[in-house]
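The exercises below are to be worked with the sequence and the model side by side.

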Amino acid sequence: MTGPSGIDHAWLPDAALRGIGSRRVTIEGDGPLVDTLRAEVAYAQGNAGALQGDADIVFRLDGDADTGPEGFTLTRSGGRTTVTAAAPAGLLYGFFHVVRLGAAAFTDAPEQTHRPALSRRMLNHWDNIDVHPVMGQVERGYAGGSLFWEDGRARGDRDRVRAYARLLAACGINAVCVNNVNVHGTEARLLTDRISEVAAIAGELGEYGLRTFLSVSFAAPVVLGGLDTADPLDDRVRDWWRTAADHAYAHIPDFGGFVVKADSEGQPGPFAYGRSHADGANVIADALAPHGGTVHWRAFVYNHVQDWRDRTTDRARAAYDHFAALDGQFKDNAVLQVKHGPMDFQVREPVSPVIGALSRTRVAVELQATQEYTGQQRHVCALAPMWSGVLGFRPEGEDGATVGQLADGGGLVAVSNAGADPYWTGHPLAQFNLYAYGRLAWQPDADPQQLLHEWTELTFSPEETADPERLRSGLRAVLRGSWETYEKYTAPLGVGFMVQPGHHYGPGVDGYEYSPWGTYHFADRDGIGVDRSRATGTGYAAQYAKPWSQTYETPESCPDELLLFFHHVPYGHVLHSGKTVIQHIYDTHFEGVEEAEAAQGVWATLADLVAPARHARVAELYEEQLRSAREWRDQVNSYFLRKSGIPDAGGRRIY
Ligand code: GCW
């Protein structure tokens, strides 16, 4: 627990623990997680031995407390702070809450009870055991190799896994899927003869209340079981899954279940047998049910070999077209895991309409903390404001539930951005995305700016520096608007992609324009964008309930930031902002680079307030961010000047 050497403390530096370390603590209760809490308190007290005398803070397990399995009540009065919880996990979350509060945890305040809004708060790791020569070990990973797998097997030294589990628990995460959803040959065997390696990892994660999940291949009965079919309605297949689940639980009693990517980007699935995705999910759900396990079935099903000439196929429609009709057909322990947008984690997308169309299905919303399309952890891009917008969106309009509320059946999932990098996330400032994800999963309506403040206090301990206010305001300036800045210098107005094919880093305006992947912008000399209206386009806009189906239907009512996602318009089309589309493209691309330059400048002024190695790492990454941002600006602006022939009203240099 002591943070193995060379591992960054992230949001749990010793300074943050000091508030507890300097107080008399009593812990009433027993159980494995309570032991973890005892060890945490001992660590905070610097192994100096428990302080004597009346307790300043009491952690009390009370089976009658009305806190649920993970919540806790905090009472602060008369100089004593009490954390009460009905279950040990609640005490541990209460401990980390006290750490977050710092000195404020010890001043009188009204009693508060905290419970997570979502019971499943999961990270998916796209980690492979094997290292691919081009893709590396972690698919879309930008933080070094895998935290879990090394040299072809589960890491023998699991201090890092333990330290990771601790950080995750400290921001509220309670489940981790430890391998890539694209399940290759080696990794498939984790389900069977290599389950003990998963069990070893699960043992560490479990110390902090995290449940372990495994990605499995839908074809496992064939690939591992030697059957001639994976047909979900075949009894032999059903039996095979039951045996596999029994085996997993025999090794990992608190195992969470499986994550499945089926009929998606070449992965096997039920379509091969003429079966539905409900059939596919249910056979696996049935196998897990006796153990209380859950299958997370991904809804990322679309045609990835489409002909770019075919204007009738719209990838954005796919999740709804495949899954809305299956509503009500999934077993109780099957969760449909839906990406938050209809395409693929672009810098700007509308909320996926299928989320609002599944009232009888448990839905989990999937976010991407790993920055595949948002700068690959070389660019600063704080995603909390984007996620908060998604979670606050109301698919049925003002009187309906938010996405955060609709996810209560299945939870919130994020693709992890962490790896074996000493800073966990490659870019030290990308730690904020991981932290904010956990906090939003606990409380989807949390204010992202407040979370930024929280994270800053914990990670940078401003009060320990010579100029706390300069550090705080500098970090705020650098991170607060960084997502909008990134959007400004990349793909405009919701149109998406325009990235280099394959690795997805850097500009490639036509990179995917004539590809089979279904991600087009249709720019010509007159205009740009995808007509997804019901009246004249692909009909995607009609997948929404009112008012959104109407809002998105016409360019007049569509919000500017999504205009090109929903409509093909002339370059001279005037936005609500009063600017033409072409002038918006030019202006935002110049502004985006200027904002990134300004952020780089602010970071430079913090050199005396941030640990030198951390400061240097970020400074170095800013060099790359700026190089890349200028490339984006110049390629995008030049592309549209050449297509449209319309000059920049500002007369700036375009190539
Ligand atoms: O965004 C795409 C990525 C793939 C990924 C896929 C998915 C794991 O480019 O690398 O595969 O999404 O979500 O399954």
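**Exercise 1. Determine the span of helix α2 and describe which residues of α2 are buried and what they pack against.**

Helix α2 comprises residues 32–44, and its 13 residues reach 19 Å from the first C-alpha to the last, close to the 18 Å expected at 1.5 Å a residue; the expected span is 1.5 Å times one less than the number of residues. Helices here are DSSP runs (H or I, at least four residues) and strands are runs of E (at least two), numbered from the N terminus. The structure is a predicted model, in which local features need pLDDT of at least 70 and side-chain atom pairs count only at pLDDT 80 or more, whereas totals for chains, interfaces and linings use all residues. Residues are numbered from 1 along each chain as its sequence is written.

The next step is burial, where a residue is buried if 20 or more other C-beta atoms, placed from the backbone, lie within 10 Å of its own, exposed if 12 or fewer, and partly exposed in between. In α2 the buried residues are L33, V34, T36, L37, E40, V41 and A44. They lie on the same side of α2, because they cover an arc of only 150° around the axis, the arc being that of the directions from the helix axis to the C-beta atoms. These buried residues pack against α1 (14–21), β1 (25–28), β2 (57–61) and α3 (88–101). Just after α2, G46 takes a positive phi of about 65°.

**Exercise 2. Carry out the analysis for helix α8, and find which exposed residues are on the face turned away from its buried side.**

Helix α8 (residues 235–251) has 17 residues and reaches 25 Å between its first and last C-alpha, close to the expected 24 Å. Its buried residues are V237, W240, W241, A244, A245 and A248. Seen down the axis, they fall within an arc of 130°, so they line one face of α8. That buried set packs against α6 (195–206), α7 (220–223) and α9 (277–288), while the face turned away carries the exposed residues D235 and A250.

**Exercise 3. Locate V499, and state whether V499 is buried or exposed.**

V499 lies in the loop between α16 (482–489) and β18 (527–528). V499 counts as buried because it has 22 C-beta neighbours inside 10 Å. Leaving aside neighbours within four places in sequence, V499 is in contact (C-beta atoms, placed from the backbone, within 7 Å) with Y373, H504, Y505, G506, G508 and G511.

Methods:
Two residues are in contact if their C-beta atoms, placed from the backbone, lie within 7 Å.
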